[in-house]
Amino acid sequence: MSEDVKRQLVNDYPEIDIETIVDVVHNKCLVLLEQVVFSMGNHSLHQFGLPSPSHDASELIVNRDYLRELSYDVEQLSKLVYHNITKLNPEQSQVYYEVIRSVDSDSGRVFFLDAPGGTGKTFLMNLLLASVRMHKKIAISVVSSGIAATLLDGGKTAHSAFKLPINLNFSETPLCNISKQSDAAHVLKECKLIVWDEATMAHKGGVEALDRTLQDIRSSNHLMGGMTVLVAGDFRQTLPVVPRGTRADEVRACLKSSYLWPKIQVKSLRVNMRVYLRGDPEAEDFSNLLLQIGNGDLQEDDDRKVNIPNNLCSVVKDLKSLSEQIYPNLNILHSENLTWLNERAILTPKNDTAASINDSLLDQIPTEMA
């Protein structure tokens, strides 16, 4: 009977690895047996020494989102956790075990991980996700931007995962567009951990909408419906973007301005892992410089600009000189060396400037464009 159920699921959901949801298949078999036994004599399976099935789980057999969240390779995740948990430094280890204790005890604590670049935030979050998923529990990972979603295992944008309202700037009490009877609601109800990276870029209304929605779906008045949630980011970087807004509007839209902030436990990562592992003094100087700029500790000149020390940068006068510094001898030596090209980039805040730089660099490559 279980083989029939598995074959049916393979036909209906070809993207799901059936071997990772054996518990769901087993429960479906019990449901089918109970239906036959009850129709023959109004008896339950318990009277014949068999376990009673979970009917909630039988409804989730057609929930693609639920099956997808349970389709992770448990053996592979266990190996990943075993090999990487010893690599945590003391700061990371403290955060890891506090979050795991909250998940295991269903304490429903909400954490904010203050982590500047290079402190191992992504490594820690992926390890937390793996630690929950290896026990066949659901852990959801979301980010505030599509690019960052590729760095987390199973990562999605918060707007996609939680169906957040599009315009959060004009809603006093926003809610996620998730009904209590939907498939997405079943996933959130069974979820044990939510990890939200780059939350400092998100409008506070998005986090507040998730809080209200979880309380409704999980029928709980506790913060985030009693679920453990880890939000992470760095307030020294980009704050929420408010179209045509002032600095005050951006601060008002920030997570720190939310009524949720006093209820969130703040944890910090300060050890720069690139410096710690490589022992590079220049990397340490650059890391400290970024922290000084972010904290507002670096002295400004009369034009409110900061001066970067000469040992950490090279000043160029025009775009041509910059291109030659970043892509030297592009037309002769490196145009077909993809590894070399992938290791360098020129950053610019506007798309039209980026397009102009791309065209200029492509013109230097002595090949025809496809």
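Ile-147 is exposed, with 72% of relative accessible area, where exposed means over 50%, buried under 20% and partly exposed in between (1.4 Å probe, protein chains only). Ile-147 belongs to helix α8, residues 146-149; helices (H or I, at least four residues) and strands (E, at least two) are DSSP runs, numbered from the N terminus. The C-alpha atoms of Ile-147 and Val-95 are 25 Å apart in space, at a separation of 52 residues in sequence.

The model is predicted, so that local features need pLDDT of at least 70 and side-chain atom pairs count only at pLDDT 80 or more, while totals for chains, interfaces and linings use all residues. Residues are numbered from 1 along each chain as its sequence is written, and side-chain values use heavy atoms, with hydrogens and water left out.

The secondary structure of the protein amounts to 18 helices and six strands. Along the principal axes, the C-alpha atoms fill a box of roughly 90 × 50 × 40 Å. Of the 370 residues, 39% count as buried. Contact is defined by heavy atoms within 4.5 Å; among contacts between residues at least 6 apart in sequence, 67% join residues at least 24 apart.

The six strands form an open sheet with parallel pairing, in the order β3-β2-β4-β5-β1-β6. Its edge strands, each pairing on one side only, are β3 (156-157) and β6 (265-268). Two strands are taken to pair if DSSP finds at least two bridges between them. Strand β2 is joined to β3 by two bridges, and these strands run parallel; here Val-143 stands opposite Thr-157 in β3. With β4, strand β2 pairs in the parallel sense over six bridges, and Ser-141 is placed opposite Val-195 in β4.

Strand β2 is largely enclosed by the rest of the structure, because six of its six residues are buried. In a regular strand the side chains alternate between the two faces of the sheet. On one side of β2, Ile-138, Ile-140 and Val-142 are buried, and on the other Ala-139, Ser-141 and Val-143 are buried, so that both faces are covered. Helix α10 (residues 183-190) lies across β2 (138-143) and β4 (191-197), and runs at about 100° to β4. For this angle, axes are lines fitted to C-alpha atoms, for helices over the stretch in contact, and angles run from 0 to 180 degrees between N-to-C directions.

Phe-111 stands opposite Gln-265 in β6. Asp-114, also found in strand β1, counts as buried at 11% relative accessibility. Residues up to four places away in sequence not being counted, Asp-114 touches Gly-233, Asp-234, Arg-236, Lys-267, Ser-268, Leu-269 and Arg-270.

Two loop residues have positive phi values. Glu-198, which is not a glycine, has a phi of about 55° and is found in the loop between β4 and α11 (204-217). Arg-244, likewise a residue other than glycine, has phi near 55° and lies in the loop between β5 (228-233) and α12 (247-253). Glu-198 counts as buried at 15% relative accessibility, whereas Arg-244 is exposed, with a relative accessible area of 84%.

Grid points are joined across faces, edges and corners, and a volume is the space filled by probe spheres set on the points.

The largest pocket holds about 820 Å³ of space. Its lining comprises 26 residues, of which Phe-286, Ser-287, Leu-289, Leu-290 and Leu-291 lie nearest the centre. Helices α13 (273-278) and α14 (281-295) are the elements that give two or more residues to this lining, and α14 supplies the largest share, eleven residues. The lining divides into nine nonpolar, ten polar and seven charged residues, with Ala, Val, Leu, Ile, Met, Phe, Trp, Tyr, Cys and Pro counted as nonpolar, Asp, Glu, Lys and Arg as charged, and the others, Gly among them, as polar.

A search of the whole structure finds one cavity of 30 Å³ or more. About 40 Å³ of space lies in the largest cavity, which is lined by Glu-69, Leu-70, Tyr-72, Val-74, Arg-133, Lys-136 and Lys-137. Three of these lining residues are nonpolar, none polar and four charged.

Definitions and conventions:
On a 1 Å grid over the protein atoms alone, a cavity is a set of points where a 1.4 Å probe fits but cannot get out, and a pocket is an open set with protein on both sides within 12 Å along at least five of seven lines; lining residues have an atom within 4 Å of a point.
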